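Please read them with the structure open.

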Amino acid sequence: AQKRYASIRDLPAQTQCGKVISLTMNAGLMADLPSLPSSGAEGVGLFRTELQFLIRSQMPKRAELSALYTRVLDAANGQRVAFRTLDIGSDKVLSYMKPNDEPNPAMGWRAIRVGLEKPGVLRMQLQALIRAANGRPLTVMFPFVAQLEEYRMARAEFDKAMERERILGHPLPSSFEIGAMLETPSLAFAPDVFFQEVDFISIGGNDLKQFFFAADRENERVRRRYDTLNVSFLTFLEQLIARCNAHNTPASFCGEDAGRPIEAVVFAALGLRNLSMRPASIGPVKHLLRRLNLDEVKAVIDESRARGDQSVRSAVTEYLRKQV
Ligand code: PEP
Ligand code: MG
């Protein structure tokens with residue numbers, strides 16, 4: 001598949017109406033990194049750090065982690081890598097951590113909730129990331145932030161880690177960006193100051209969708225029941241993007257839907273300018289975006305919405321069929 005799109009690999013995802021969408025890839029293991037140059041991705045928009053924890057039989061040491069992150073940044077060769085701090089709990093359980101027996105783990109003690117209440121691992125991870133950056137730029141994002149205070153507390157952990165490293169005399173990152181993943185609807189309604197304080201947000205559509213529709217992403221019976229292109233979800237996204245734009249907060253979408261061509265086109269038409277996806281999706285998504293006028297797609301979406309359609313999928317699909 002990547003061969004098929006080789007001719008556009010080094011070209012931007014620039015639409016016929018002149019908008020440039022940055023396409024980045026999702027990764028989690030060293031083995032994913034060779035896809036960075038071959039896919040044409042402009043960096044790693046989501047690096048799921050828990051995968052390197054999940055494949056081990058015991059908790060990694062800080063030095064091992066910093067060696068791993070150094071290799072990731074070396075392989076990225078100056079391109080941006082957004083490291084997502086540990087998202088443990090829910091469907092991802094570490095054999096060497098005490099399991100927490102919860103009735104509803106996806107809504108339970110997971111991700112940044114664990115990181116803030118038992119900060120040992122988060123601190124180790126932040127320190128390892130700062131050391132790995134070793135004078136290079138560093139991008140970190142926190143998973144499953146549901147309210148402003150959680151972002152502030154997590155960011156304070158980063159600030160403390162920086163201060164420790166400074167005192168120890170280690171080189172600090174040349175610049176840094178500290179973002180939040182938006183995976184619960186609540187964060188979209190956070191106070192304005194959240195959008196001012198956060199360096200960027202990354203929409204984790206997999207989790208966001210399951211909480212928006214109250215439909216378990218792991219439950220075969222309900223997970224496909226609600227279309228991502230459902231008008232309610234798109235209206236929610238559109239209002240979120242408007243808030244981000246009002247505060248100049250960069251926003252990206254890194255859930256699996258970003259790699260589906262029709263979804264990607266709709267997200268771009270709603271105003272998202274950064275989409276992160278599995279490497280094999282970059283070619284097809286770029287190919288499609290380069291041939292389209294997003295203002296026209298937006299008009300198709302708006303007409304479908306005005307008609308009262310439940311989902312804009314058929315209207316957009318029909319439009320795309322006529323274009324390509
Ligand atoms: C998401 O929820 O959309 C996401 C990117 O994170 P994960 O799939 O790892 O939960
Ligand atoms: Mg998630």
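1. The buried residues of H9 are covered by several elements, including strand S6 (176–182), strand S7 (201–203), helix H10 (231–246) and strand S8 (251–253). H9 itself spans residues 205–212, and its buried residues are Gly205, Asp207, Leu208, Lys209 and Gln210. Just after H9 comes Ala214, where phi is positive, at about 50°. Keep in mind that this is a predicted model.

2. Now the overall build. The protein has 14 helices and nine strands. Its radius of gyration is 20 Å, close to the 20 Å that the globule rule gives for 324 residues, so the protein is as compact as a globular protein of that length. Taken along the principal axes, the C-alpha atoms fill a box of roughly 60 × 45 × 35 Å.

3. Of the 324 residues, 41% count as buried. Among contacts between residues at least 6 apart in sequence, 71% join residues at least 24 apart.

4. Which way do the residues of strand S9 point? Asn274 and Ser276 point one way, Leu275 and Met277 point the other way, and all are buried. In a regular strand, side chains alternate between the two faces of the sheet. S9 covers residues 274–277, and strand S2 (residues 20–27) pairs with S9 in the parallel sense over four bridges. Within this pairing, Met25 stands opposite Met277.

5. Helix H11 (residues 261–269) packs against helix H13 (residues 294–307) at an angle of about 95°, with the axes 9 Å apart. The two helices are therefore roughly perpendicular to each other. On the H11 side the contact is made by Val265, Val266, Ala268 and Ala269, and on the H13 side by Leu294, Val297, Lys298 and Ile301. By class, this contact has seven nonpolar residues, no polar ones and one charged.

6. H11 also packs against helix H14 (residues 313–323), at an angle of about 100° and with the axes 11 Å apart. H11 and H14 are therefore roughly perpendicular as well. H11 contributes Ile262, Val265 and Val266 to the contact, while H14 contributes Arg313, Val316, Thr317 and Leu320. These residues divide into five nonpolar, one polar and one charged.

How values were computed
Residues are numbered from 1 along each chain as its sequence is written. Chains are lettered from A and ligands numbered from 1 in the order in which they are written. This is a predicted model: local features need pLDDT of at least 70, side-chain atom pairs count only at pLDDT 80 or more; totals for chains, interfaces and linings use all residues. Axes are lines fitted to C-alpha atoms, for helices over the stretch in contact, and angles run from 0 to 180 degrees between N-to-C directions. Angles under 35 degrees count as roughly parallel, over 145 as roughly antiparallel, 65 to 115 as roughly perpendicular and the rest as oblique. Two residues are in contact if their C-beta atoms, placed from the backbone, lie within 7 Å. Ala, Val, Leu, Ile, Met, Phe, Trp, Tyr, Cys and Pro count as nonpolar, Asp, Glu, Lys and Arg as charged, and the others, Gly among them, as polar. A residue is buried if 20 or more other C-beta atoms lie within 10 Å of its own, exposed if 12 or fewer, and partly exposed in between; C-beta atoms are placed from the backbone. Two strands pair if DSSP finds at least two bridges between them. The radius of gyration is taken over C-alpha atoms; the globule rule is 2.2 Å times the number of residues to the power 0.38.
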